[in-house]
Amino acid sequence: MRSSIMKEGIERTPHRSLFKAMGYIDEEIRRPLIGIACAWNEIIPGHIHLRQIAEAVKAGVRMAGGTPIEFGVIGVCDGIAMGHEGMKYSLPSREIIADSIEIMAQAHRFDGLVLVGSCDKIVPGMLMAMARLDIPAILIAGGPMLPGKYKGKLIDFKNAYEAIGEYKTGRITLEELKEIEEKACPTCGSCAGMFTANTMNCLAEALGVAPPGNGTIPAVYAERIRLAKYVGMLIVKLVEKNITPSKILTREAFLDAIAVDLALGGSTNTVLHLPAIAREAGVDLTLDDFDELSEKVPTLCKLSPAGPYFVLDLYEAGGVLAVMKELDKLGLIHKDRLTVTMKTVRELLEGVTVLRRDVIRSVENPWSPRGSIMILKGTLAPRGAVIKIGAIPEHLRYFEGTAKVFNCEEDAVKAILDGKIVPGDVVVIRYEGPKGGPGMREMLAATAAVAGMGLAESVALITDGRFSGATRGLAIGHVSPEAAEGGPIAIVRDGDRIRIDLKNKKLDLLLPPEEIEKRLKEWKPPKPKVSKGYLLRYSRAVSSADKGAVFQL
């Protein structure tokens, strides 16, 4: 066992003494030591119940003959951090999470790991650590929140944001706004739509590093507790057989995860997270992989924010395995690869059926013949930009408008809510990228304000930052190179014309080449927004969005 180096032999008498100071007995010390990396806290709805999940995991570990040892992991609630300086810390927290789990696992020589998380950057950070460490490991999420109900209609977190604009324009009263606030998030769990947290928990299933049901069993269902106990038992078996993430996180696994992502209409943040996890696993994954698969993979689901369904509906429809079963009809799933269940994908798909065709459409009758994420390139984004095309109606596939430029999200949101943005405008929000933000904030406050003001189909937003999985409408993020690196988005001026051509996957600043070149030569980097602390170190080390916003050191 990996832990033998710190607990066996006469020379390890002091080490065993320290274990005994915490109440461990010899029988526990002799068993496989399983680290339980738990991101429980009292600030994230998706994490408030993780102590219960961790306790169930530990029960499973003990039943299988292992010794569970729990330690803590930090987490940022993207929803609570949204729309202010706190959001600058969300994406950067991913690297801290990965590093801290590495430190704990390496310093204490755990034989295996169970990663207990739920939300936006916590799960990707955990998966990065899993790939980097390459010791037996499983992810178990806390599960999705149930949708709320308001005036007979199901709602979720995004409705609370969009209600602000509805109130500002007089379409709802203050009392109605307050009632939406009370009803939008009715239970613990990761927000009820196919936003970033639930997308990544579903993709962990598709990758094979989380058990079936991980992404869709609701947080408040007893089935989630039973799954956690199963995970605890399973990790001991993985340790015994030395099945490590490198045997599971193959290139084929990542391609399958992208396919599932596209079919589900998942968050654009996956374009940051999957390449970052792949990098830790030694797998080459680029924007081109997303682009190529998006032409082959049909959109099978319309989950919130793209449609009327929620993750609860996906659960009732058969979950991630049902989506994979449907994609397999087109030969898009690599079925002979291994998963943490110690079964192949082929074995897991046996007997799986789609239980609700309104939620998971057939490949013969998809919502769209192509996937939900599109990579755009052009004079405004030479190295690429990302759009969630699954949340955009057909008549908006071509848009040409006038730029209104803002150097931070707050200024853009104020202009939108003050009525200064009108149909035909292209709101450009820059210096919000990984390096320039720093931290690449999500712009849900901006997109929700546009939707709430009734401009979702007449105004476009473009940023070198990113958008929440709850975003809908003509919102383009991850523009690379970012403004802080001197990308073309840095030289856009008010009144410039911008063209978005989704048919040809183009994003262009409509200026003569010589004018673009002239402006780029004249551009000077602005003063950094931060002068101390972690964000300063992050801005110096982080890559651009097209590389996954990973540390380059």
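The questions and answers below walk through a predicted model of a protein.

Visitor: What kind of model is this, and how are its residues numbered?
Guide: This is a predicted model, in which local features need pLDDT of at least 70 and side-chain atom pairs count only at pLDDT 80 or more, while totals for chains, interfaces and linings use all residues. Side-chain values use heavy atoms, with hydrogens and water left out, and residues are numbered from 1 along each chain as its sequence is written.

Visitor: How many helices and strands does the protein have?
Guide: Helices (H or I, at least four residues) and strands (E, at least two) are DSSP runs, numbered from the N terminus. Counted in this way, the secondary structure comes to 21 helices and 14 strands.

Visitor: What is the radius of gyration of the protein?
Guide: The radius of gyration is taken over C-alpha atoms, and the globule rule is 2.2 Å times the number of residues to the power 0.38. For 553 residues that rule gives 24 Å, and the protein comes close to it, so it is as compact as a globular protein of that length, with a radius of gyration of 23 Å.

Visitor: What percentage of the 553 residues count as buried?
Guide: Buried means under 20% relative accessible area, exposed means over 50%, and partly exposed lies in between (1.4 Å probe, protein chains only). Of the 553 residues of the protein, the share that counts as buried is 63%.

Visitor: Is aspartate 288 buried or partly exposed?
Guide: Aspartate 288 lies in helix H14, which covers residues 287-294. Its relative accessibility is 40%, and aspartate 288 therefore counts as partly exposed.

Visitor: Which residues does serine 93 contact, leaving aside its neighbours within four places in sequence?
Guide: Serine 93 lies in helix H6, residues 90-107, and is buried, with a relative accessible area of 5%. Contact means heavy atoms within 4.5 Å. With its neighbours within four places in sequence left aside, the contacts of serine 93 are Ile74, Val76 and Lys121.

Visitor: How far apart are the C-alpha atoms of glycine 193 and aspartate 156?
Guide: Glycine 193 sits in the loop between helix H9 (174-183) and H10, and at 0% relative accessibility it counts as buried. Residues touched by glycine 193, not counting those up to four places away in sequence, include Asp156. Although glycine 193 and aspartate 156 are 37 residues apart along the chain, their C-alpha atoms are separated by 7.0 Å.

Visitor: Are helices H7 and H10 roughly parallel or roughly antiparallel?
Guide: Axes are lines fitted to C-alpha atoms, for helices over the stretch in contact, and angles run from 0 to 180 degrees between N-to-C directions. Helix H7 (residues 122-133) and helix H10 (residues 196-207) pack at an angle of about 30 degrees, with their axes 9 Å apart. Angles under 35 degrees count as roughly parallel, over 145 as roughly antiparallel, 65 to 115 as roughly perpendicular and the rest as oblique. H7 and H10 are therefore roughly parallel.
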